[in-house]
Amino acid sequence: MKMSDSETIGQKVDMSSPAVLDACCGSRMFWFDRSDSRALFVDKRRETHTLPDKSSATGSRTLEVNPDVIADFTNLPWTDNHFALVVFDPPHLTHAGRNGWQAKKYGRLEGDWKEMLRQGFAECFRVLKPEGTLIFKWNEHDVPVSQILALTPERPLVGQRCGKAAKTHWMVFMKPPHQPKKEDLR
Ligand SMILES: C[S@@+](CC[C@H](N)C(=O)[O-])C[C@H]1O[C@@H](n2cnc3c(N)ncnc32)[C@H](O)[C@@H]1O
């Protein structure tokens with residue numbers, strides 16, 4: 001636990017936080033160190049589930065979503081230009097069953113999810129320092145990545161497709177440098 005203040009949506013949070021923000025960490029599957037002290041882990045839920053797992057001797061395993069801070073990536077409780085690096089791996093499934101294992105693991109897209117992702121991108125870039133890095137992950141199982149890139153005015157620098165069907169995209173963005181306002185130059 002890295003926060004000294006409240007962890008509840010809408011309440012005050014400690015601003016002396018690590019340099020990296022994972023804006024929707026889930027169970028931190030892709031982290032080499034799920035307790036990496038350089039990162040602050042955010043999700044909108046805190047949940048523990050038992051999921052079926054044929055590769056396990058018990059036939060099941062535990063999925064734990066246990067963020068440092070419970071917050072909504074459409075309204076992040078940090079000031080502008082705060083983090084050096086932001087990781088953004090939002091839900092990508094529109095057809096997952098509400099109570100199925102995929103929804104428990106990845107979340108699901110509901111309602112006006114395009115607007116939610118538009119605001120999520122905007123918030124991730126807002127809390128990122130100028131020239132800071134945003135790592136974005138998307139799986140095209142239900143929605144082509146082109147539709148998602150249309151939700152942000154920022155353009156990725158580099159990327160890679162992976163997975164059996166090459167449907168998973170990793171992309172790297174950089175927040176534009178700070179542009180001084182005319183009045184600041186006078
Ligand atoms: C694809 S999963 C992230 C998986 C994660 N990267 C990992 O390595 O395990 C997406 C996560 O986004 C979370 N989420 C969905 N909507 C959110 C929101 N508005 N704010 C914060 N987290 C959200 C879900 O609860 C889910 O855990």
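This is a predicted model: local features need pLDDT of at least 70, side-chain atom pairs count only at pLDDT 80 or more; totals for chains, interfaces and linings use all residues.

Student: Which residues of helix 2 are buried?

Tutor: They are L117, G120, F121, E123, C124, F125 and V127.

Student: How do you know that the span of helix 2 is close to the expected one?

Tutor: Helix 2 runs over residues 113-127, 15 residues in total. The expected span takes 1.5 Å times one less than that number, which gives 21 Å, and the reach from the first C-alpha to the last is 21 Å.

Student: Why is N81 called partly exposed?

Tutor: N81 has 14 C-beta neighbours inside 10 Å. Exposed needs 12 or fewer and buried needs 20 or more, so N81 counts as partly exposed. N81 sits in the loop between strand 5 (69-70) and strand 6, and has a positive phi of about 60 degrees although it is not a glycine.

Student: And why does A166 count as exposed?

Tutor: A166 has 10 C-beta neighbours inside 10 Å. The cut-off for exposed is 12 or fewer, so A166 counts as exposed. A166 is in the loop between strand 8 (158-162) and strand 9 (168-174); this residue is not a glycine either, yet its phi is positive, about 55 degrees.

Student: What surrounds the ligand?

Tutor: 19 residues do, and the closest are C24, G26, M29, D89 and G107. By class, that shell has nine nonpolar, four polar and six charged residues.

How values were computed:
Residues are numbered from 1 along each chain as its sequence is written. A residue is near a molecule or strand if its C-beta atom, placed from the backbone, lies within 6 Å of it. Ala, Val, Leu, Ile, Met, Phe, Trp, Tyr, Cys and Pro count as nonpolar, Asp, Glu, Lys and Arg as charged, and the others, Gly among them, as polar. Helices (H or I, at least four residues) and strands (E, at least two) are DSSP runs, numbered from the N terminus.
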